Amino acid sequence: MRPLLELQDVNAFYGASHILHGLSLRVDPGERVALIGRNGVGKTTVVNTILGLAQLRAGTIHIDGHRIAHPRPYVAAQYGVAVVPQGRRIVANLTVEENLLLGGATHRKGVWNRQAIYRLFPILQERAHTPGTALSGGQQQMLAVGRALMSNPRLILLDEPTEGLAPVIVDQLADIFNRLADQGTALLLIEQNLSLVVRVAHRYLAMAKGAIVARGEVDGSPDGIQHLERHILL
Ligand SMILES: Nc1ncnc2c1ncn2[C@@H]1O[C@H](COP(=O)(O)OP(=O)(O)O)[C@@H](O)[C@H]1O
Ligand SMILES: [Mg+2]
């Protein structure tokens, strides 16, 4: 099977700071993969390198078989990889609807359009003409997910999507992520919330110091969760 996303021996930098050290990972179509690790190990930098926001200095990135020599945000989206960024990054002076439409700039064909996203998240239609940043944190996260779906991705990178959200909102998002995965969208879920990881992901990759240091099946038993915790706790 052709991987949707493959990083091989990636070394990435911010200026002179060397953050990713020979990192390799692969996500196949329809997979549900969690990427875990302590704060500061470089999880967001993986996303930033795929988007061209951190500098790829060695190694290769392939998206759906295409070698991405010069990563850019729109290049990832064109080849079917959408990002729900850490902190959501809702554009402050655009309305909810305008933020949503930003995600559709690639014009990839598929089931997702504005109407379909309003059916998934009715609150976004109710608030369509208010500034995006006037929404609650949970609603902004829904907007960030909707914006990603607008590009009809085959893989969504979710960077700490439940950070700072109330448990009831986390439950709603977990249902949505499972529904998307059941419909065949692959997920790379970067999360510290292990209850979400065990509800959504089937496989995990654990990072330390800018590389993958462990991987395996996600096991939701108490022992399994304790095993995952070791990669997150200080
Ligand atoms: N824009 C940046 N410029 C320089 N260093 C950065 C920048 N963003 C993050 N870093 C550093 O890169 C390392 C990895 O950060 P990050 O990828 O955000 O980790 P994580 O997402 O796992 O918490 C940290 O040491 C952080 O301080
Ligand atoms: Mg991060």
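Six strands make up an open sheet of mixed pairing, in the order 6-7-8-3-9-10. Strands here are DSSP runs of E with at least two residues, helices are runs of H or I with at least four residues, and both are numbered from the N terminus; two strands pair if DSSP finds at least two bridges between them. The edges of the sheet are strand 6 (81-84) and strand 10 (211-217), each of which pairs on one side only. On average, neighbouring strands of this sheet are turned by 20 degrees against each other, direction ignored. Such angles run from 0 to 180 degrees between N-to-C directions, with axes fitted to C-alpha atoms, for helices over the stretch in contact.

The model is predicted: local features need pLDDT of at least 70 and side-chain atom pairs count only at pLDDT 80 or more, while totals for chains, interfaces and linings use all residues. Residues are numbered from 1 along each chain as its sequence is written, and chains are lettered from A and ligands numbered from 1 in the order in which they are written.

**Strand pairing**

| Strands | Direction | Bridges |
|---|---|---|
| Strand 3 (residues 32-36) and strand 9 (residues 203-208) | parallel | four |
| Strand 3 and strand 8 (residues 186-190) | parallel | four |
| Strand 1 (residues 5-14) and strand 2 | antiparallel | eight |
| Strand 1 and strand 4 (residues 55-63) | antiparallel | seven |

Five of the five residues of strand 3 are buried, a residue being buried if 20 or more other C-beta atoms, placed from the backbone, lie within 10 Å of its own. In a regular strand the side chains alternate between the two faces of the sheet. In strand 3, R32, A34 and I36 point one way, and V33 and L35 the other way.

**Nonpolar core**

The largest nonpolar core has 67 residues, and V81, L187 and V197 have the most contacts inside it. A core of this kind is a set of buried Ala, Val, Leu, Ile, Met, Phe, Trp, Tyr and Cys residues joined through C-beta atoms within 7 Å. Helix 6 (residues 137-149) contributes its largest share, six residues. Helix 6 also lies across strand 6 and strand 7 (155-159), running at about 170 degrees to strand 6. Leaving aside residues up to four places away in sequence, V197 touches A34, I36, L189, E191, Y204, V218 and L228; contact requires C-beta atoms, placed from the backbone, within 7 Å.

Around ligand 1 are Y14, S17, I19, G37, N39, G40, V41, G42, K43, T44 and T45, where a residue is near a molecule if its C-beta atom, placed from the backbone, lies within 6 Å of it. Strand 2 (17-27) and helix 1 (43-51) each supply at least two residues of this shell, and helix 1 gives the most, with three residues. The shell divides into three nonpolar, seven polar and one charged residue. Ala, Val, Leu, Ile, Met, Phe, Trp, Tyr, Cys and Pro count as nonpolar, Asp, Glu, Lys and Arg as charged, and the others, Gly among them, as polar.

Note on methods: Buried ≥ 20, exposed ≤ 12 C-beta atoms within 10 Å, placed from the backbone. Contact = placed C-beta atoms within 7 Å.
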